[in-house]
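Subject: Structure handover

Hi there,

Here is the structure I promised to send over. Have a look at it first, and then read on for what turned up.

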Amino acid sequence: MRVRNFAAALLVALVLISCGGAKQADVIKVGWFGALTGDQAVWGNNEYNTVKMLFEEINAAGGVKVGDKTYTLEAVGYDNKGDAQEAVNVVRRLTSQDKVVAILGPNASGNAIPIAPILEGAKVPDIATVATNPKVTVLDGKVKPYNFRVCFIDPYQGAVAAGFAYDVLKARKAAILYDVSDDYSQGLRQFFVENFKKYGGEIVADESFKSGDVDFRPQLSKIKAQNPDIIFMPYFFKEVALSANQARELGMTQVLMGGDGWPSDQLISMGAAAVEGSYFVNHLDYDDPDVADYKARYFKKYGIQTELNGYLVHDAVLMLVDALKRAGEPTGEAIAKALETTNIKGITGTIKISAQTHNPEGKDAAIIKIVGGKYVFQQKYAAK
Amino acid sequence: MAQFLQQMVNGLSIGSVYALMAVGYSLVYSVMNFSNFAHGGVIMFGAYFGFFGITLLKLPFPAAFVLAFVGTAILAVLIERIAYKPLRERKAPFLYFIISAMGASIFLENIIIATIGPTFRTYPDVFGRSSIALGPVAVGRLDLIMFAVSAVCLTGLVLFVEKTRMGRAIQASAYNMKAAALMGVNTDRVVMIVFAIGGMLAGIAGVFFGMKYTVYPQIGNITTKSFVAAVFGGLGSLPGAVLGSILLGIIETLVAGYLSSQFRDLIAFVILIGVLVFRPTGIMGKTTEDKA
């Protein structure tokens, strides 16, 4: 009796071990981290839900073929509460304990910057989602070997705005007003100036203010005297509304342009008629037909609307799957190498990773126009 | 030329905002001999009183305006009773007054952040955002109204100080509070009236500032500029405060318009320091006593 029981137990155990062993060989573990609690929890949950949904869809369709073998994908997600210290801890856990081959996220630049040394030690690549600070992938002019991102960097918006203003709006004389005490604003201004001049346009006025200023009329009067075709305003909605109102008060009728610091309900309520007919650059538009399918699938599964983060993590998953297929073997090193030559069409635009910067180069941005107090998608536009 | 005229109008408009704030500052200084740093906080409250009067209580603009300056007058008197009177009675050194004023200022800012929140708010459009074109120069409608109201308030204040009994009591207390008290002036009441008037002016300044720009808990920071303008014009002198403010507004605008907007504060303040080096009492200041 006792012997038979023991034998049965042994058999069960053996079966379990072999099953487990066989299963392990066919699964690729992919890490994700971000804020599932705290201020940014909405975005973190949105990303993690998207990753889980896409992995389920991929597995249901037969998985991913890497080399000669077909694998299913498993997401291992951790909450870093939006904290930079915690980001380092969870990446350490993902790489040493869970042995993931790649990591998706985080969305915040501040959390993506400190994890580089751990990624390099473990040789595991990371694809950040909405981390737009240039330092996420390049530090002191050197590219970080295991850090990638799927979004364009902040200053690139300046290049997009310059191209759109010259090409589509046919502006030849541009004026700029920017916030001299803000990195974001300075970066956009620099790229705008460089690109607008490259196209053959002329910068007729280049004026600045400091965060906290509320009166821009001295600068605007100076700009008015130069009679530009457009005015580029790369800063946040509060100052945009104030400066737009003051420009109109001074009798200026120029088209205004800006970046992703613009969209907000406050801009419309405060800027009202002053920003009507203005254009700004954004990562994507929710009404763009390319994103409609993902948007509908997400809503069907979770019953809530997806956020901006969801669209970008969607394309991060596409990037990873594409790299896995080309990597030949499911190891971090091989995936990182494959990621460097990424050139795919995502729902947020064409993603062509540059080996020098690990940023998607020439990615499409969405151009939005304010019409009748609403944000209306115009077209996609990529800087050359 | 058109740009120069426009810049002068801009400068006058910015200067008149400083002037409304600087006069309240200067008035309290002339009697109390210390810089009331809580003035900025009172201005900020004025902006919020007016804002909530219009949006929450649905008052017509004149009623909300009155609510705002009556509210800030009461607030300013309360601050005096709680933060300064105990120090006055104990004859504390002036440094203590300044520290108490800073405490009050930080308290006012943070109570707004804690209860109403740190985000900015926008006044509904009362006078319209359009401007009046005088040839090539555009003058904002709100600027004109603000200018008229400020002129009426400041003239009224000067008349009050020059022509009434209470005004003479204020002048006497400003000259020498101890002697005024010995002559039978109720200096405690004088102080209260001075704070009430300063508070009213702060409320008016706050409402106009909020309408012209936005309402946010750090509005008080702008009083740094009006404080400097008051010193420039001569602390304690009401016409000096107005003149200093208008000059500061115009200097700032001309520097931003013709040199560089980045050097605006730098050059404006170098000029101010230069004036004070050669004329330590400011343009219209009278006394040379050491007053902090």
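Before the first helix pair, a word on terms: a helix axis here is a line fitted to C-alpha atoms over the stretch in contact, and angles are taken between N-to-C directions, from 0 to 180 degrees. Please also keep in mind that this is a predicted model.

**Helices α6 and α7 of chain A**

With that definition, the axes of α6(A) and α7(A) cross at roughly 35° and come within 7 Å. Their crossing is right-handed. On the α6(A) side the contact is made by Tyr156(A), Gln157(A), Gly158(A), Ala159(A), Ala161(A), Ala162(A), Gly163(A), Ala165(A) and Tyr166(A), while α7(A) brings in residues including Gly187(A), Leu188(A), Phe191(A), Phe192(A) and Tyr199(A). Sorted by class, the contact of α6(A) with α7(A) has 11 nonpolar, 6 polar and 1 charged residues.

The buried residues of α7(A) are Tyr184(A), Ser185(A), Gly187(A), Leu188(A), Arg189(A), Phe191(A), Phe192(A), Asn195(A) and Phe196(A). They pack against α6 (156-167), and also against the strands β9 (173-179), β10 (202-209) and β11 (230-232) of chain A. Just after α7(A) comes Gly200(A), which takes a positive phi of about 110°.

**Helices α2 and α12 of chain A**

Another pair to look at is α2 (residues 41-60) and α12 (residues 308-327) of chain A, which pack with their axes 9 Å apart and at an angle of about 40°. That angle makes α2(A) oblique to α12(A), and the crossing is right-handed. From α2(A), the residues that meet the partner helix are Trp43(A), Asn46(A), Glu47(A), Thr50(A), Val51(A), Leu54(A) and Ile58(A); from α12(A), they are Asn309(A), Gly310(A), Val313(A), His314(A), Val317(A) and Val321(A). By class, this contact of α2(A) with α12(A) has 7 nonpolar, 5 polar and 1 charged residues.

**A helix inside the structure**

Helix α13 (residues 332-339) of chain A has 6 of its 8 residues buried, so it is largely enclosed by the rest of the structure. The buried ones are Gly332(A), Ala334(A), Ile335(A), Ala336(A), Ala338(A) and Leu339(A). Among the elements that cover them are β4, α5 (116-122), β8 (147-149) and α12 of chain A.

**Chain A as a whole**

Chain A has 13 helices and 17 strands. Its C-alpha atoms fill a box of roughly 100 × 40 × 35 Å along the principal axes. Of the 384 residues in chain A, buried residues make up 51%. Taking contacts in chain A between residues at least 6 apart in sequence, 66% join residues at least 24 apart.

**Where the chains touch**

**Backbone details to check**

A few spots may interest you if you go through the backbone angles.

- The peptide bond from Gly105(A) to Pro106(A) is cis, with omega near 0°. Pro106(A) is found in the loop between β4 (102-104) and α4 (109-112) of chain A.
- Asp140(A) is not a glycine, yet has a positive phi of about 50°. Its place is in the loop between β6 (138-139) and β7 (142-143) of chain A. With 5 other C-beta atoms within 10 Å, Asp140(A) is exposed.
- Lys58(B), also not a glycine, has a positive phi of about 55°. Lys58(B) lies in the loop between α2 (39-55) and α3 (61-89) of chain B. It has 9 C-beta neighbours inside 10 Å and therefore counts as exposed, the cut-off being 12 or fewer.

Best wishes

Notes
Residues numbered from 1 in each chain as written. Chains lettered and ligands numbered in written order. Predicted model: local features only at pLDDT ≥ 70, side-chain atom pairs only at ≥ 80, totals over all residues. Helix = DSSP H or I, 4+ residues; strand = E, 2+ residues; numbered from the N terminus. Parallel < 35°, antiparallel > 145°, perpendicular 65-115°, else oblique. Left-handed = near helix turned anticlockwise from the far one by under 90°. Contact = placed C-beta atoms within 7 Å. Nonpolar A, V, L, I, M, F, W, Y, C, P; charged D, E, K, R; others polar. Buried ≥ 20, exposed ≤ 12 C-beta atoms within 10 Å, placed from the backbone.
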